[in-house]
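Reader: I have a structure open on my screen and would enjoy talking it through with you. Could you walk me through it?

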Amino acid sequence: MKPWMSVMTIVGLGLALAATAGAATIVLPRPGQVGFSVGGGYGTFLKGGEFGDEFGSGGSLAVRGRYRMRYERAIGVSFGRQGFSPRDPQPADSVFAPVSLTIQTASIELY
């Protein structure tokens with residue numbers, strides 16, 4: 001089985017299970033409500049390109065906060081960090097060897 005077929009199978013099963021979960025009552029947020037979320041992930045660079053030649057894969061972490069001003073408006077703040085390890089670790093005495101690559105983001109969002 002090809003890798004993309006297994007991914008599509010997993011996605012299809014997930015959607016089928018979500019559809020059978022049943023309807024839930026949706027509670028709309030009230031003005032003045034504060035919400036927080038924390039998420040993690042794992043990403044990789046493809047071997048082509050400037051960063052992909054040097055760095056492989058690594059984990060990520062994101063933290064978000066949102067303040068609901070009115071039913072149709074909110075303001076949010078997000079912070080994220082994604083780290084990547086080198087593909088070919090060099091000896092420790094090498095001055096020019098890449099140790100790691102970290103991408104950090106911060107944003108303010110208006111909804």
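Author: Gladly! One term before we start: a polar contact is a pair of N or O atoms within 3.5 Å, and within protein one of them must be able to donate a hydrogen and the other to accept it. Please keep in mind that this is a predicted model.

Reader: Thanks! In what order do the elements run from the N terminus on?

Author: The protein has two helices and four strands. Beginning at the N terminus, their order is α-β-α-β-β-β.

Reader: Which residue's side chain makes a polar contact with the side chain of S78?

Author: S78 lies in strand β3. Leaving aside neighbours within four places in sequence, S78 is in contact with V63, R64, T105, A106, S107 and E109. The polar contact between side chains, at 2.7 Å, is with one of these, E109.

Reader: Is S78 buried or exposed?

Author: The cut-off for buried is under 20% relative accessible area. S78 has a relative accessible area of 8%, so this residue counts as buried.

Reader: And F36, is that residue buried or exposed?

Author: F36 sits in strand β1. A residue is called exposed when its relative accessible area is over 50%. For F36 the value is 72%, so the answer is exposed.

Reader: How many of the eleven residues of β1 are buried?

Author: F36 belongs to β1, a strand that is hardly covered. Among its eleven residues, the count of buried ones is one.

Reader: Over how many bridges do β1 and β2 pair?

Author: G43 stands opposite G58 in β2. The pairing of β1 with β2 is antiparallel, and the number of bridges is eleven.

Reader: Which strand gives the most to the nonpolar patch?

Author: The patch covers about 1200 Å² of surface, and its members include F36, V63, F79 and L110. At least two residues come from each of β1 (34-44), β2 (57-70), β3 (73-84) and β4 (101-110). With four residues, the top contributor is β2.

Key: Residues are numbered from 1 along each chain as its sequence is written. This is a predicted model: local features need pLDDT of at least 70, side-chain atom pairs count only at pLDDT 80 or more; totals for chains, interfaces and linings use all residues. Side-chain values use heavy atoms; hydrogens and water are left out. Patches are made of residues with over 30% relative accessible area and no salt bridge: like charges are joined within 9 Å, nonpolar side chains (Val, Leu, Ile, Met, Phe, Trp, Tyr) within 5 Å. Accessible areas come from the Shrake-Rupley method with a 1.4 Å probe; for residues, only the protein chains shown count as cover. A salt bridge is a side-chain nitrogen of Lys or Arg within 4 Å of a carboxyl oxygen of Asp or Glu. Buried means under 20% relative accessible area, exposed over 50%, partly exposed in between (1.4 Å probe, protein chains only). Two strands pair if DSSP finds at least two bridges between them. Contact means heavy atoms within 4.5 Å.
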